[in-house]
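Dear colleague,

Please find below the structure that I am handing over to you. My findings follow directly after it.

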Amino acid sequence: MATKGKDMAVWGLDSKRLKRRALAMLRWLLDPVRRTPVVVTTALLTLLMTVLVVNLIQPVVDASQAGRSAGASASGASTVSVRRFPEAQHPSKSASSSSSATKGQKKQQTRDQKPDPAGLFTHSVDWLKSSQQVDYPDPAAHPGLSLEVSLQDQRVYVRDGTDLLYTMYASTGMDDSTPKGSFHIQAERGDHFYNPSEGMGARYYTSFLNHGVFLFHSVPTDSSGSYIKEEADMLGVRPSSHGCIRLTVPDARWIMQSVPTGTPVLVK
């Protein structure tokens, strides 16, 4: 009996110790700090610091990028050039014509032009419309009427003496094939021609040299009379003819119908 009582006492002691151990283990399992590994805690702290640093630095970076973008935009805008026709000038003796031209010039649209890889200027020329949104000059009102062809500008300037009346887009001869010098409008003119050797023709032609060899005429047409867009798109940009002066369709028609025979022509 004594031995049995002693065993019960020892068992009681062991059961208390076991309970304490069990409670300690339970507390350890329920403690979130002890259950969180050190590596996870370190990662969380690192992430928190990263977020704080990014929030502090990002506004500075954004401001710097915005400044560079604004500078780049300003630099890019400076490379785009805009060219305008010179304003037409009319002598005072034709007051009504001058008033009409002045009103038209205020409505004239400017065309944006930017350099192509060859260093020339490209722009959208509507070769089915007149070069300027003003009335053509009345030759009867301008006894000093003349046509000046600029090979460098690829333009035809309609003048009365020193006064500029009208400016036309043009394409002159490739490889300096348009002769330079002083000439006159000749009698040969017509609505349409076709040159089989060149495989193209044009509308509204007017001769200024060699009686039908060198002409003012529209942008070129094919054998069916349709305009050749690839050729027409070079109007006002670069020389593209075989020596003649190519113009928009209305400009060529005005010269053919209105400019008198004998009118001076200067090609320079």
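What percentage of the 268 residues in the chain do buried residues make up? They make up 34%, where buried means under 20% relative accessible area with a 1.4 Å probe, protein chains only.

Please note that this is a predicted model, in which local features need pLDDT of at least 70 and side-chain atom pairs count only at pLDDT 80 or more, while totals for chains, interfaces and linings use all residues. Residues are numbered from 1 along each chain as its sequence is written, and side-chain values use heavy atoms, with hydrogens and water left out.

The chain contains 6 helices and 12 strands; these are DSSP runs numbered from the N terminus, with at least four residues (H or I) for a helix and at least two (E) for a strand.

Five of the strands form an open sheet in the order 6-5-4-12-7, with mixed pairing; two strands pair if DSSP finds at least two bridges between them. Strand 6 (163-169) and strand 7 (181-184) are the edges, and each has a single partner strand, so one side of each lacks a neighbour in the sheet.

Strand 5 (residues 155-160) pairs with strand 6 in the antiparallel sense over 6 bridges. Tyr 157 has Thr 167 of strand 6 as its bridge partner.

Of the contacts (heavy atoms within 4.5 Å) with a separation of 6 or more, 64% come from residues 24 or more positions apart.

Yours sincerely

Key. Buried means under 20% relative accessible area, exposed over 50%, partly exposed in between (1.4 Å probe, protein chains only).
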